[in-house]
Amino acid sequence: MNRMELKLLLGEQYQYKSFYSEEEVAQFLQRSPRHFADRVVSSLSAGCVRIDALLYRSRDTLKLGYDVFVKDRPESADWICYDSPDDKVSLKEEDMLSVLNRIVSENGLSYTECSFEQLEGKEVKLKM
């Protein structure tokens with residue numbers, strides 16, 4: 001699906017956010033600070049699936065990568081990591097959507113329906 005079709009179908013459930021400019025990302029990659037926490041650079045959520053472009057440390061260098069997330073029910077606030085594709089990373093909305101479309105298509109996922117049963121978290125009981 002293209003961006004306009006998804007925006008019409010999903011309304012507010014379609015969101016693209018960019019947290020850093022391409023220039024800022026290039027500076028991080030060039031400097032490769034020693035103490036660096038993973039950072040989401042841009043994020044595209046479309047209903048029950050989401051793709052994040054992130055900067056992360058790999059040995060002595062910083063790299064860009066994608067993480068794809070799914071929900072176990074549409075109204076859930078929680079996302080479950082599904083895949084980390086090796087595609088060349090782009091921060092552009094259209095490019096991120098293209099990768100997400102491919103992953104949705106190849107894996108039988110859906111933008112509007114959850115493909116997984118609901119996960120129940122463990123409850124921690126305090127010992128007194």
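My entries follow, from the whole chain down to the single residues.

**Basis.** I am working with a predicted model, in which local features need pLDDT of at least 70 and side-chain atom pairs count only at pLDDT 80 or more, while totals for chains, interfaces and linings use all residues. Residues are numbered from 1 along each chain as its sequence is written, and side-chain values use heavy atoms, with hydrogens and water left out.

**Fold.** I looked up the secondary structure and found 3 helices and 5 strands in the protein chain, arranged along the sequence as α-β-α-β-β-β-β-α; helices (H or I, at least four residues) and strands (E, at least two) are DSSP runs, numbered from the N terminus. The C-alpha trace spans about 55 × 45 × 25 Å along its principal axes. For contacts (heavy atoms within 4.5 Å), I noted that 52% of those with a separation of 6 or more join residues 24 or more positions apart.

The accessible surface, from the Shrake-Rupley method with a 1.4 Å probe, comes to about 8,700 Å², and 47% of it belongs to carbon and sulfur atoms. Of the 128 residues, 37% count as buried, where buried means under 20% relative accessible area, exposed over 50%, and partly exposed in between (1.4 Å probe, protein chains only). I also noted 18 positive and 23 negative side chains, with the centres of the two sets 8 Å apart; Lys and Arg count as positive and Asp and Glu as negative, while His and the chain ends are not counted, and each charge is placed at NZ of Lys, CZ of Arg, CG of Asp or CD of Glu.

**Leucine 9.** I placed leucine 9 in helix α1 (residues 3-10), and it counts as partly exposed because its relative accessibility is 46%. Not counting residues up to four places away in sequence, leucine 9 touches Met1 and Thr112. From leucine 9 to serine 43 I noted 34 residues in sequence and 19 Å in space, C-alpha to C-alpha.

**Serine 42.** Is serine 42 buried or exposed? Serine 42 counts as buried, because its relative accessibility is 0%, and its place is in strand β2 (residues 39-46). Leaving aside neighbours within four places in sequence, I listed the contacts of serine 42 as Tyr16, Lys17, Ser18, Phe19, Ile51, Asp52, Ala53, Leu91 and Met96.
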